[in-house]
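Visitor: I am new to reading protein models. Could you walk me through a few features, one at a time?

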Amino acid sequence: MSSGVSNNSAALEELQADFDGDTLHEECGVFGILGHDDAAALTALGLHALQHRGQEAAGIVTFDGDQFRSERHMGLVGDHFTQQETIDNLKGPYAIGHVRYSTTGEAALRNVQPLFAELDGGGIAICHNGNFTNAMTVRRQLIKDGAICQSTSDSEVVLQLVARSREKKIVDRFIEAISQMEGAYSLVALTRKKLIGARDPYGIRPLVLGDLNGAPIFASETCALDIIGAKFIREVENGEVVVCTPGGIESYFPFGKRPSRPDIFEYIYFSRPDSVLNGHSVYDVRKRFGRVLAQESAVEADVIVPVPDSGVPAALGFAAESGVPFELGIIRNHYVGRTFIEPTQQIRTLGVKLKHSANRAQIEGKRVVLVDDSLVRGTTSVKIVQMIRDAGAKEVHFRLASPPIKFSDYYGIDTPVREKLLAAKYDLEGMRKYIGADTLAFLSIDGVYRAMGHENGRDNENPQFTDHCFTGDYPTPLTDLSDDVDTRQAPRLVETG
């Protein structure tokens, strides 16, 4: 009997992996506020707006003038932080919060942020979005020097470095710590007197500064400001450390000025469509991606159909540019979770139909252009193309509003290893045959840049964005991947309950 249960569990996991493994998983989202009586509740609302960035775990730390208070949980924000008792426990006018998808460190409560440490000058809580590309290297050296690590999150490395700094001021200790780190990050830290926000030297990960009735706020995206009625002040600049106290706001640039290179995938996929990044409406940018895609790869068709929900803005742009009608030819089931049906092979072959259903009335007898934002492994695309054919489509043309993803990400996006990326294994014709479309086309890399307002396309000498997934051009060192660094995980505690 026990063997049967185990096999069923494994099959469920296989089915869920098939659903979820063909996408770019979320990164993380951060939020912080200083000097508001409803700090915890506002942080919970901000994290709710950022839920799309991380759906594995959520946490909030507050400071009430006397002590820090922490609530960290596996699961969604709404699973834990909508209860008045929880919010009441998080007393204090200072708060920071985090939603997480684990790109570094396993899924366990000890890795849920914000992380907290008691220092000789007082406590500090910290959370971050992104990934340090030398975290394993630094961590191993810290352990050799006697450090005791309680998590496997790379955020803890920053805490360890802050604790070991001999600088007197907490801001200087914080700056000294992050100056030893490489990679992409937006950090928010909370001390007894300060709320600190920092962005990596290239500005790869986003961070904005807002204000709510005099209370300064940091957030990963502007949508987190909108949900609480806060005013957008400005982007935190690349390489900037912003320190907020009850007395005002100070800004530091400890790394010197470098060209800004925000991650283009924030516009393509990650950010919420109603957010504004670097002055660009994410929704409008995605529509422009679709317009340029239509200019580059027009095809005779009867209907433009988005792959919901990520393909909708680009499909709208494609339809507007091509003059071909836009229709919701695929209906998404937003409530699907793990199936309650034992996934026999017959059920498994239903595959994507649990999440998406063809709207036959808009598909049958028509030449269909499917528009999506990106193509990762291609396994879901295979099923969607076949679903459209089964609904009676005469032709199925697949269009992607981004270039082929050929390289893995090391900056906080959970991409498959390169060998599992479809574009790393096949040329364009090979990918077309794999997914079963009549034609296949991607937005060109120069098309991405033109849609972003750079008429001459990508400046190959000084790229305007971080676009490594398409080009292999990583703007920072990848120290933990170097041949002379042993990045194997040391034996560690496995939490079972």
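Visitor: Is Cys244 buried or exposed?

Guide: Let's start with the terms: buried means under 20% relative accessible area, exposed over 50%, and partly exposed in between, using a 1.4 Å probe and protein chains only. Cys244 has a relative accessible area of 0%, so Cys244 is buried. Cys469 is buried as well, at 3%. Before we go on, this is a predicted model: local features need pLDDT of at least 70, side-chain atom pairs count only at pLDDT 80 or more, and totals for chains, interfaces and linings use all residues. Residues are numbered from 1 along each chain as its sequence is written, and side-chain values use heavy atoms, with hydrogens and water left out.

Visitor: How many disulfides does the structure hold?

Guide: A disulfide is a pair of cysteine sulfur atoms within 2.5 Å. The structure holds 0 of them.

Visitor: Which residue does UniProt list for "active site"?

Guide: The unreviewed UniProt entry lists Cys28; such annotations may be inferred rather than shown by experiment, and feature names are shortened, with positions in the numbering used here. Cys28 lies in strand β1, residues 28-34 (strands are DSSP runs of E, at least two residues; helices are runs of H or I, at least four; both are numbered from the N terminus). With a relative accessible area of 6%, Cys28 is buried.

Visitor: What is Cys28 in contact with?

Guide: Contact means heavy atoms within 4.5 Å. Leaving aside neighbours within four places in sequence, the partners of Cys28 include Arg53, His98, Tyr101 and Ser220.
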